[in-house]
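Work through the exercises below with the model open. Each task is followed by a solution in steps.

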Amino acid sequence: MKYCSRCVYPAASAMPLSFNEDGVCTGCQVADQRRLIDWDSRLAQFHRVVDEYRCGNDYDILIPVSGGKDSYYQVHLATKVLNLKPLLVTYHANNFVPEGEYNLQRMREVFDCDHLILRPGEGMLKKMNRLGFRLQGDMNWHSHCGIFTVPIQVAVRYNVPLILWGEHGFMDLAGMYSYDDFVEFTAKFRLEHAMRGYDWDDLTDEGLTRLGRPELAEGLEEKDLKWAQYPSDDELDAVGVRGIYTSNFVPWDSNRHVELVMKEYGWRPSVEPFERTYRRFSSLDDRHDVGVHDYLKFVKFGYGRASDHSCHDIREGQLSRSEGIEHVRRLDHVKPVKDLARWLEYAEFDADEFDHTCDSFRDPRVWNIKGGKWVKANIWGTESDYGDVCLSAAETAAFIERRDQLKEGGDGQRNDLKRKRNERAPEAIAAL
Ligand SMILES: [Zn+2]
């Protein structure tokens with residue numbers, strides 16, 4: 001496995017990543033670009049963009065918020081620096097940590113802003129946890145869908161054309177776009193990247209039958225998933241909905257946001273440490289995000305949130321690469337015992353089925369099987385085993401066959417994804 005020579009990202013990353021001739025990843029290259037930008041001129045440009053949307057008697061802007069440090073920073077910018085009247089919108093997925101819930105509920109107090117919070121029914125959310133996990137190895141798929149759908153629905157219903165997002169994750173972490181692209185939110189990003197090509201109608205009983213997975217049916221119908229349904233092109237055009245990213249206009253640094261929002265607004269980090277990363281100020285809106293959800297990233301791709309956080313901190317000059325590697329060695333592989341126990345109980349899921357389902361998502365570019373154990377190469381140069389294989393003999397043989405095919409030059413998994421994308425109707429992936 002190839003790793004970036006500057007940060008700790010592997011070539012088989014969850015996001016598209018490539019390397020230059022010095023072995024530096026696109027994420028690090030775009031981070032370099034950020035240091036050369038004239039941010040005063042970008043802020044002036046930010047003012048010009050939002051000035052076009054100022055209204056006398058209505059909301060000027062819609063801000064999707066989770067109550068996290070970045071949300072606070074965005075609302076601080078909008079209200080104190082840009083002098084806008086925002087409408088705050090939250091998709092609430094039911095699993096905030098206590099400090100996260102505290103921070104979320106206080107936004108309308110400290111900023112004196114109107115705040116709409118949509119909380120889907122708990123029974124349906126538990127079904128979505130099980131479905132997302134069994135279908136895609138991602139119990140939080142519903143969150144990706146809700147976060148990138150509910151604010152757009154509200155923008156249409158309240159006639160607020162301009163949406164202010166934080167950073168573009170694929171750009172910030174993996175360098176998918178340049179700062180000169182001024183990338184904006186699209187329906188294509190929502191569907192193909194955030195939601196991996198699946199939309200809400202794939203998770204109804206009818207949709208699962210269409211996907212050839214009727215055994216996963218949880219009894220969901222169209223009316224159960226109103227919160228997941230993206231507005232039509234006509235609805236979007238009528239309002240002129242547009243989503244811009246704050247990180248294109250101001251130097252975006254989560255570590256600085258934490259300092260500012262704790263000092264100015266009494267924002268609270270998590271008191272209890274997370275099992276899989278060294279940070280306490282990220283993902284407070286979902287206790288499983290850096291727990292079982294992130295463990296699945298290690299299962300699939302061989303790295304986790306400690307790698308993500310280390311890459312960010314290395315690029316900001318706050319961590320050396322060797323310190324980052326130590327975080328990876330200590331945390332990336334950890335099976336989050338406490339968080340997993342909580343999720344199994346919450347989603348009413350069997351522990352053995354959990355392990356078996358995990359193993360069905362192992363990426364053969366990363367994993368090998370030796371003596372009944374999962375084995376992979378590490379960034380520090382050795383190979384380690386990471387637990388027992390929980391597949392049947394036939395499934396094990398199929399995995400080894402896929403791995404052998406890859407070694408011969410094929411790329412089975414990516415072709416599967418490409419095939420699925422091509423099967424979708426073109427109107428479903430129309431740009432916003
Ligand atoms: Zn890098």
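Helices here are DSSP runs of H or I with at least four residues, strands are DSSP runs of E with at least two, and both are numbered from the N terminus. The model is predicted.

**Exercise 1.** State how many helices and strands the chain has, and determine whether its radius of gyration agrees with that of a compact globule.

Solution. Step 1: the count gives 19 helices and 8 strands. Step 2: for 432 residues, the globule rule puts the radius of gyration near 22 Å. Step 3: the chain has 22 Å, so the two values agree. Step 4: the C-alpha trace spans about 70 × 50 × 40 Å along its principal axes. Step 5: 42% of the 432 residues count as buried. Step 6: take the contacts between residues at least 6 apart in sequence; 71% of these join residues at least 24 apart.

**Exercise 2.** Locate the two domains and describe the side of domain 1 that touches domain 2.

Solution. Step 1: the domain assignment places domain 1 at 35–253 and domain 2 at 273–421. Step 2: their C-alpha centres are 26 Å apart. Step 3: domain 1 brings 25 residues to the contact and domain 2 brings 24. Step 4: on the domain 1 side, helix 4 (98–110) and helix 5 (122–136) supply at least two residues each. Step 5: helix 5 gives the largest share, 5 residues. Step 6: sorted by type, this side of domain 1 holds 6 nonpolar, 11 polar and 8 charged residues.

**Exercise 3.** Find how many residues of helix 14 are buried, and what they pack against.

Solution. Step 1: a residue is buried if 20 or more other C-beta atoms lie within 10 Å of its own. Step 2: in helix 14 (residues 305–315), 11 of 11 residues are buried. Step 3: among them are the charged residues Arg305, Asp308, Asp313 and Arg315. Step 4: the packing partners of these buried residues are helix 1 (26–35), helix 8 (169–174), helix 13 (292–301) and helix 15 (321–331). Step 5: after helix 14 comes Gly317, with a positive phi near 75°.

How values were computed. Residues are numbered from 1 along each chain as its sequence is written. This is a predicted model: local features need pLDDT of at least 70, side-chain atom pairs count only at pLDDT 80 or more; totals for chains, interfaces and linings use all residues. Domain bounds come from an automatic or database domain assignment. Two residues are in contact if their C-beta atoms, placed from the backbone, lie within 7 Å. A residue is buried if 20 or more other C-beta atoms lie within 10 Å of its own, exposed if 12 or fewer, and partly exposed in between; C-beta atoms are placed from the backbone. The radius of gyration is taken over C-alpha atoms; the globule rule is 2.2 Å times the number of residues to the power 0.38.
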